Amino acid sequence: MDRGRKDEGGNILPERKKCTAIILAAGRGTRMGGDVPKQYLMLKGKPVLYYSLKVFQDSFIDKIILVASEKEVEYCREKVVGHFGFGKVAAVTAGGNERYHSVWEGLKAAGECDYIFIHDGARPFVTEDILERAYANVSKYHACVVGMPVKDTIKIADENGFCASTPSRDSVWAVQTPQVFSYPLIKDAYGTLMKKERECLGRGLRITDDAMVVETFTDRKVKLVEGSYRNIKLTTPEDLKVAESLL
């Protein structure tokens, strides 16, 4: 469908490479409170997960792998994917105990492709413009993450809760998703992580995002790409109220 694409100047763009998205919906969301995980809470009559899936469904992405907790796999297949007709979802697979376990399950289910877009299902305000910027950068740099420069001054605390240092605000970004990588790069990096998981845990290494996996186990630098201040992750009840107002 991308044959003959042109940029704003009328120049013919190269045919787009194959892209697969991994949407993570296996989190427990304990900070949100209640029994329902945050990605399944209702937002204007639809589950939070619907909104990010809809953007990827309507975009240039070729295939979607949805990762849910084991007990919610059937719910996702029937009440989300089937009910809303998300035809690009090729598989709904069970995740693991930690986020990086769930990403690994998604990578194993993804099959061969050129680029992998990893996105949090509880981040409903991703846009196709963000996906386009990420694609342009991963095509050039092989690894990129969406984020925004912080607005507030950041303080680094010491072990006693006192200010230890103040990094320059110009160099500090709040990282979002999607985080996008060439498939061989991210698959190999995660494969190394899984082999060395026990060693990493023993050293106190806490894996918090996909870029960290690439930074830790490869020599590839990760490019920062502008996302949006609206591209929030729903974590607390207050975030849900903000999301309702944004919609």
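The model is predicted, so local features need pLDDT of at least 70 and side-chain atom pairs count only at pLDDT 80 or more, while totals for chains, interfaces and linings use all residues. Residues are numbered from 1 along each chain as its sequence is written, and side-chain values use heavy atoms, with hydrogens and water left out.

**First stop: α3 and α5**

Select residues 99-110, helix α3, together with residues 183-195, helix α5. Their axes lie 10 Å apart and meet at an angle of about 130°.

Next, display the side chains at the contact (heavy atoms within 4.5 Å). From α3, select R99, Y100, H101, V103, W104, L107 and A110; from α5, select Y183, I186, K187, Y190, G191, L193 and M194. These residues divide into 10 nonpolar, 2 polar and 2 charged, with Gly counted as polar and Tyr as nonpolar.

**Second stop: K88**

Now move to K88, in the loop between α2 (73-84) and β5 (89-94). Is K88 buried or exposed? K88 is buried, with a relative accessible area of 18% (buried means under 20%, exposed over 50%). Leaving aside neighbours within four places in sequence, select the residues that K88 contacts: F56, Q57, S59, F60, I61, D62, K63 and I64.

Methods. Axes fitted to C-alpha atoms, helices over the stretch in contact; angles between N-to-C directions. Helix = DSSP H or I, 4+ residues; strand = E, 2+ residues; numbered from the N terminus. Buried < 20%, exposed > 50% of the residue type's maximum accessible area, 1.4 Å probe, protein only.
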